Amino acid sequence: NKEKMEPRREQNYNYGNEEKKIISARQVPDVCFKEFIILGAFYGYKARNKFRQAGRAISKSREVNNKQRDKDIFVPIYNNILQSLGGNPEDLKCKGSPVNATVKGLMSSLVECPIKIESACVPLTQDEISQAEDCIGAVELFREEYFSVTQEKDVTRACNETPTLMSLMQDAESKCVGVFGYDARMNQTQRTCDRDFAACKNEAVDGVSIVFECEHCPTKTTTMKINTTTIAQTVTTTTKSSTS
């Protein structure tokens with residue numbers, strides 16, 4: 001006769017020092033089981049995402065603000081190039097001859113750089129930055145408290161902390177309401193801002209060759225000395241400061 005197979009008994013694995021045991025779902029009484037499911041989901045997913053979204057929004061806003069701050073650096077660059085083209089934006093000339101459409105287009109675009117950059121590079125408001133910082137603070141407080149409670153060896157004591165954790169979670173959710181929108185907005189703004197700022201930088205660099213080719217000889221009453229090295233250095237310095 002074949003022996004009847006007994007049900008397989010669950011083995012008692014010991015994965016580590018019992019003194020370091022943390023709370024698991026199996027250990028939590030029914031009275032706070034549902035709360036820990038909610039808290040654990042928030043800890044492992046929502047809290048982390050909100051923290052990252054708020055941090056990214058603040059970081060990108062800072063970079064955008066740096067570029068907006070440097071928008072006026074293109075004004076003296078434009079003026080220097082304009083000098084080499086005769087000084088009259090309505091009658092641009094290179095060595096006495098009218099400039100081509102490419103140069104006209106470059107100058108028309110370069111003069112608008114401060115306005116374009118100011119429009120494209122709009123950072124978060126101070127209130128929005130404060131809200132994002134409050135979100136980060138609230139999430140950090142919740143995550144620290146949650147981690148501390150889950151290390152508690154006394155399950156009853158841990159359950160007694162669930163009202164505090166639920167309150168901290170609700171506070172974090174409330175303070176993080178707008179951070180998804182801030183993150184998405186700053187992501188799009190940074191792309192547009194970087195594109196427009198880079199275009200202005202390239203136009204300023206292209207203007208250096210115009211200066212070399214078209215600089216007017218000084219007259220008896222006017223000295224039109226164009227420092228092309230200064231233009232190039234200014235563009236380089238501006239780019240570095242705007243990305244720092």
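First, the ground rules. The model is predicted, so local features need pLDDT of at least 70 and side-chain atom pairs count only at pLDDT 80 or more, while totals for chains, interfaces and linings use all residues. Residues are numbered from 1 along each chain as its sequence is written, and side-chain values use heavy atoms, with hydrogens and water left out.

The chain has nine helices and two strands. Both kinds of element are DSSP runs numbered from the N terminus: helices are H or I with at least four residues, strands are E with at least two. From the N terminus, the order is α-α-β-β-α-α-α-α-α-α-α.

Of the 244 residues, 35% are buried. Buried means under 20% relative accessible area, exposed means over 50%, and partly exposed is in between, with a 1.4 Å probe and protein chains only. The chain exposes about 15,600 Å², and carbon and sulfur atoms supply 51% of that. Those areas come from the Shrake-Rupley method with a 1.4 Å probe; for residues, only the protein chains shown count as cover. Contact here means heavy atoms within 4.5 Å. Among contacts with a separation of 6 or more, 83% join residues 24 or more positions apart.

Now the cores. A nonpolar core is a set of buried Ala, Val, Leu, Ile, Met, Phe, Trp, Tyr and Cys residues joined through side-chain atoms within 4.5 Å. The largest one has 29 residues, and Leu39 and Phe142 have the most contacts inside it. Elements giving two or more residues to this core are H1, H5 (126-150), H6 (155-160), H7 and H8 (179-214). H5 provides the largest share, nine residues. Setting aside neighbours within four places in sequence, Phe142 touches Leu39, Phe42, Tyr43, Ala47, Leu165, Leu168 and Met169. A second, separate core of 25 residues includes Ile77, Leu82, Leu110 and Ala204.

Next, helix H7, residues 162-175. Its buried residues are Thr162, Leu165, Met166, Leu168, Met169 and Ala172. They lie on the same side of H7, because they cover an arc of only 165° around the axis. That arc is taken from the directions from the helix axis to the C-beta atoms. On the face turned away from the buried side, H7 carries the exposed residues Pro163 and Ser174.

Gln53 sits in helix H1, residues 30-69. At 11% relative accessibility, Gln53 counts as buried.

Lys95 is in the loop between strand E1 (93-94) and strand E2 (97-98). Lys95 is exposed, with a relative accessible area of 63%. Most residues other than glycine have a negative phi. Lys95 is not a glycine, yet has a positive phi of about 55°. A polar atom of the Lys95 side chain lies 3.2 Å from the backbone oxygen of Glu213. The C-alpha atoms of Lys95 and Leu85, 10 residues apart along the chain, are separated by 7.8 Å.

Methods: Polar contact = N/O pair within 3.5 Å; in protein donor to acceptor, adjacent residues only side chain to side chain.
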